[in-house]
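Please keep the structure open beside you as you read.

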Amino acid sequence: MFNPAPPGAGLLYDKVYREDILSHAYELAKSNQGAPGVDGHSFTGIEAAGLEEWLNGIRNDLRAKTYTPQAVRRVKIPKPGGGERPLGIPTIRDRVVQTAAKLVLEPIFEADFDPNAYGYRPKRSAQDAIRKVQELLREGYTDVVDADLSKYFDTIPHRELLQCVARRIVDRDMLHLIKMWLKVPVEERDENGKPRVSGGKKNMRGTPQGGVISPLLANLYMNRFLKYWRITGRSEFFQAQVVNYADDFVILSRRKAAEALEWTRGVMSRIGLTLNDAKTCIRQAGAERFDFLGYTFGPHRVRKDGYVFPGRSPSKKSVARLRQKVGDILVPGNMTPWPDVRDRLNATLRGWSNYFGQGDCYPAYRAVNHYVYERVRIFLRRRHKVPSLGTARFSDAVVFGKLGVLRLMTKAKSSVS
């Protein structure tokens, strides 16, 4: 193992190319897999050519201060609500160096981060943020600002972000390294496959989504808002608390959500960010629902006696996204052997239920189980050319029994948890 530099340390750059840190950074980058960057190099190819020599090359470039990041390959991935989201894919070489820098920098910045920030932090998770929101709702913080930042990762101002970094990091070489990653060109392909390069040194905003260092830098800049909220006593003034995960946040208040929203809009404007007015709204969670991190919060009803309580459950969008994934696996043209299809399906269902295992899961689990059964029945009926609907040969008991498909109902939680 390695020992990161202590908070406030001046000389950090040389830690980045230390042999043990670079080796550990490579293993972390490999564990995340991911597609090749603009150079086309894969983990398999790197190791076939000689990993030790490859890491030595990075170490020598960093030591000689000749390291220069390559362009980020931009791809578009579908957004759950429609449209596309840009994703930047650095080369594996740049991912390894960014991971090494993150290993050195993260303990330093962690000391400053707000306790109500949960995104991309050690020993914190989205589930922790979800539990915190639920806890505050039960404590009476039901006047809620459901906030949405417009293109947060794309609009973070470089100058102000680097000032945030420089408040704790005085090592000029480390600062230069971060600045190079912010100014790296972005390469994308047009409809004819021709490369097109944008960004670069003239770019003054944004940190590419997909870069290893980007979440840490995004947390650091969001901390400007959270820290100002704290030092100006907004929690007491608005009787409110902020729960933040990366670029998502909600403000839960006791009857002062409108004032909290107006103050937040002004502060965000002053630090170069913008609230999306079309998506930002105020919800009275005692009577209305709102979505956060894939869950729907607000009034829920106990099925046995009709008792209404402030609860949480998987959102309709989250269920719809799972249905899409299940449908993509069980397409008619999938000729993969059934055990492999089942294992992939179960892995998808298990991963979803592991995340969506809090609160009132029963209705969502029931809907998912029904959908999965119908899709599996239709899939196998077509594969085996069964002339009937297949409800006898592929009954519910067979699909979730003999055929081994995971039934989510067995993991349902108490409705009032």
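## Ground rules

A cavity, on a 1 Å grid over the protein atoms alone, is a set of points where a 1.4 Å probe fits but cannot get out, while a pocket is an open set with protein on both sides within 12 Å along at least five of seven lines; lining residues have an atom within 4 Å of a point. For volumes, grid points are joined across faces, edges and corners, and the space filled by probe spheres set on the points is what counts.

This is a predicted model, in which local features need pLDDT of at least 70 and side-chain atom pairs count only at pLDDT 80 or more, whereas totals for chains, interfaces and linings use all residues. Residues are numbered from 1 along each chain as its sequence is written, and side-chain values use heavy atoms, with hydrogens and water left out.

## The cavities

How many cavities of 30 Å³ or more does a search of the whole structure find? The search finds 2. The largest cavity holds about 80 Å³ of space. It is lined by 13 residues, and those closest to its centre are Val-72, Gln-98, Trp-181, Val-184 and Pro-208. Its lining has 7 nonpolar, 5 polar and 1 charged residues; here Ala, Val, Leu, Ile, Met, Phe, Trp, Tyr, Cys and Pro count as nonpolar, Asp, Glu, Lys and Arg as charged, and the others, Gly among them, as polar.

The second largest cavity has a volume of about 40 Å³. Around this space you will find Phe-113, Ala-117, Arg-121, Asn-219, Met-222, Asn-223, Leu-226 and Asn-244. Helix α9 (residues 214–231) gives the most to this lining, with 4 residues. Helices (H or I, at least four residues) and strands (E, at least two) are DSSP runs, numbered from the N terminus. By class, the lining of the second largest cavity has 4 nonpolar, 3 polar and 1 charged residues.

## The second largest pocket

The second largest pocket contains about 490 Å³ of space. Its lining has 20 residues, with Asn-32, Thr-99, Gly-210, Gly-211 and Val-212 nearest its centre. Which elements each supply at least two residues of this lining? They are α2 (19–31), β2 (84–89) and α4 (92–110), and α4 gives the most, with 5 residues. The lining divides into 10 nonpolar, 7 polar and 3 charged residues.

## Helix α4 against α3

Besides its part in the pocket lining, α4 packs against helix α3 (residues 43–64), their axes coming within 11 Å and crossing at roughly 50°. Axes are lines fitted to C-alpha atoms, for helices over the stretch in contact, and angles run from 0 to 180 degrees between N-to-C directions. The two helices are therefore oblique to each other (angles under 35 degrees count as roughly parallel, over 145 as roughly antiparallel, 65 to 115 as roughly perpendicular and the rest as oblique).

The crossing of α3 and α4 is right-handed; a crossing is left-handed if the near helix is turned anticlockwise from the far one by less than a right angle, and right-handed if clockwise. On the α3 side, the contact (heavy atoms within 4.5 Å) is made by Phe-43, Ile-46, Trp-54, Leu-55, Ile-58, Asp-61 and Leu-62, and on the α4 side by Ile-92, Arg-93, Arg-95, Val-96 and Val-97. These residues divide into 9 nonpolar, no polar and 3 charged.

## Helix α9 against α11

Helix α9 packs with helix α11 (residues 257–270) at an angle of about 135°, their axes 11 Å apart, and the pair is therefore oblique. Their crossing is right-handed. Met-222, which also lines the second largest cavity, joins Phe-225, Tyr-228 and Trp-229 of α9 in meeting Ala-260, Trp-263, Thr-264, Val-267, Met-268 and Arg-270 of α11. This contact has 8 nonpolar, 1 polar and 1 charged residues.
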